[in-house]
Amino acid sequence: MDHNSLRKLVEGQLIRLEGNAFQDCMDRLGLVLYPGDYQPVRAAGPKGDTKNDGYCPKARVFFAAHATRGERIDKTKAKIRGDLEGCLQEHRDVRVWRFLTNDTVQGEVDQFIDNELRPLFPDVTIEVWGLKTLADEISKLKREQVDRIIDVITVDEPEFEVIILGHVKTGRELWPILSGCLGWLEHDEPEDCTDEEQDLIDGAIQTFRDWSEISLDVEVSRSGVRDAQRSLTAILEELKDKGLALYAGTRENQPFAGGTVRGNAAIFRIARVDPATITGS
C-alpha cells in the first residue's frame with residue numbers, strides 16, 4: 001500500500017489509545033527500534049517507575065510515554081518537566097530523553113522545551129515525538145513490524161456483513177463516524193430525487209468525505225471540532241427541510257489498499273422520510 005494511506009492508518013490507531021494501551025504500543029515500538037536493548041518499565045513499589053517508562057541500557061535512551069490528547073497545555077508542560085527532571089535524578093548517563101505522545105505538539109509546548117528545558121540540560125538530547133512524528137517513524141518500518149506495533153490486521157479475502165444504520169440528526173452524532181473511518185462505501189439515495197435534491201445530496205456527501213479526510217488535523221483543537229460539527233448540523237438541517245434524512249454507520253474491518261489492510265469504513269444512506277419522523281426524538 002502507498003505510504004500516505006499507511007500513515008493515515010497508523011495515525012488513526014494511535015490517536016485512539018489511552019493510558020496503558022498507549023504505553024504498551026510504545027513498548028512495542030521501542031522493541032522494534034532497539035532490538036536487544038530496549039526494556040519496558042512499569043510502576044512497582046513505593047518509587048513507581050522512577051520516571052522512566054522504558055529505556056535502552058546500552059544506547060542510554062530513556063522514554064516517557066503519555067497520552068496527552070485533550071490535555072491542557074499547562075498540564076502537559078508540567079508533566080514533561082516533572083518526568084525529565086525525575087528521570088535525570090534517578091538515572092545516570094542519560095544521553096537521549098524522548099517524550100512520546102499521541103497528540104499534535106502545540107507550539108507553546110515546543111517553545112517551552114526549546115527555550116527553557118534544553119538550556120537547563122545541555123548534555124541531554126531532549127526530543128518530543130508527537131502524533132505526526134510517531135506515525136512517520138512507524139510507517140517507515142517493515143509491514144510486519146507495523147502490524148505488530150499498532151495491531152493492524154492483514155487479510156486475503158474480504159468479508160461482508162449486515163450493518164444497522166442509525167438516524168443521524170446532528171453533527172455531534174456524525175463526527176465519530178467521520179473521524180473514525182479510513183474511507184467510505186458508495187452512498188445510497190432515493191431513486192426519485194429531483195435535480196435540486198440530487199445536488200443537495202451530492203454536496204452533503206462530498207462535505208462528509210472532506211471532513212473525514214482532515215478529521216485528524218481538525219481534532220487538534222476542540223473549537224475546530226465544534227465548528228465542524230456545527231457545519232455538519234447545518235447540512236443535516238438542509239436535508240431535513242427537503243424531507244430527507246441521513247442514516248449512517250460504520251463497517252469495521254473493511255478491506256483497503258487492495259485488501260491488504262483493514263479499517264473502519266463509513267456508510268451513508270439518504271432516505272426520504274415523514275417530516276414527523278425527522279423532527280421526533
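Trainee: Why is Lys 132 called partly exposed?

Mentor: Its relative accessible area is 32%. Buried means under 20%, exposed over 50%, and partly exposed in between, with a 1.4 Å probe and protein chains only. Lys 132 at 32% therefore counts as partly exposed. This is a predicted model, where local features need pLDDT of at least 70, side-chain atom pairs count only at pLDDT 80 or more, and totals for chains, interfaces and linings use all residues. Residues are numbered from 1 along each chain as its sequence is written, and side-chain values use heavy atoms, with hydrogens and water left out.

Trainee: What makes the pair Lys 132 and Asp 217 a polar contact?

Mentor: Their side chains come to 3.0 Å. A polar contact is a pair of N or O atoms within 3.5 Å; within protein, one must be able to donate a hydrogen and the other to accept it, and residues adjacent in sequence count only if both atoms are side-chain atoms.

Trainee: Why is the pair Arg 272 and Glu 197 called a salt bridge?

Mentor: The closest N and O atoms are 3.1 Å apart. A salt bridge is a side-chain nitrogen of Lys or Arg within 4 Å of a carboxyl oxygen of Asp or Glu. Arg 272 and Glu 197 at 3.1 Å therefore qualify. Arg 272 sits in strand S9 (residues 261–272) and Glu 197 in helix H8 (residues 195–213), 75 residues apart. Helices (H or I, at least four residues) and strands (E, at least two) are DSSP runs, numbered from the N terminus.

Trainee: Is Glu 197 buried or exposed?

Mentor: Buried, because its relative accessibility is 10%. Arg 272 has 35%, so Arg 272 is partly exposed.

Trainee: What makes Lys 77 and Glu 108 a link between parts of the chain?

Mentor: Their side chains meet in a salt bridge at 3.3 Å, N to O. Lys 77 lies in helix H3 (residues 73–90) and Glu 108 in helix H4 (residues 107–120), so the pair ties together parts 31 residues apart in sequence.

Trainee: Where do Arg 81 and Glu 85 lie?

Mentor: Both are in helix H3, four residues apart, about one turn of the helix. Arg 81 is partly exposed at 26%, and Glu 85 is partly exposed at 28%.

Trainee: How many salt bridges does the structure hold?

Mentor: It holds 20.
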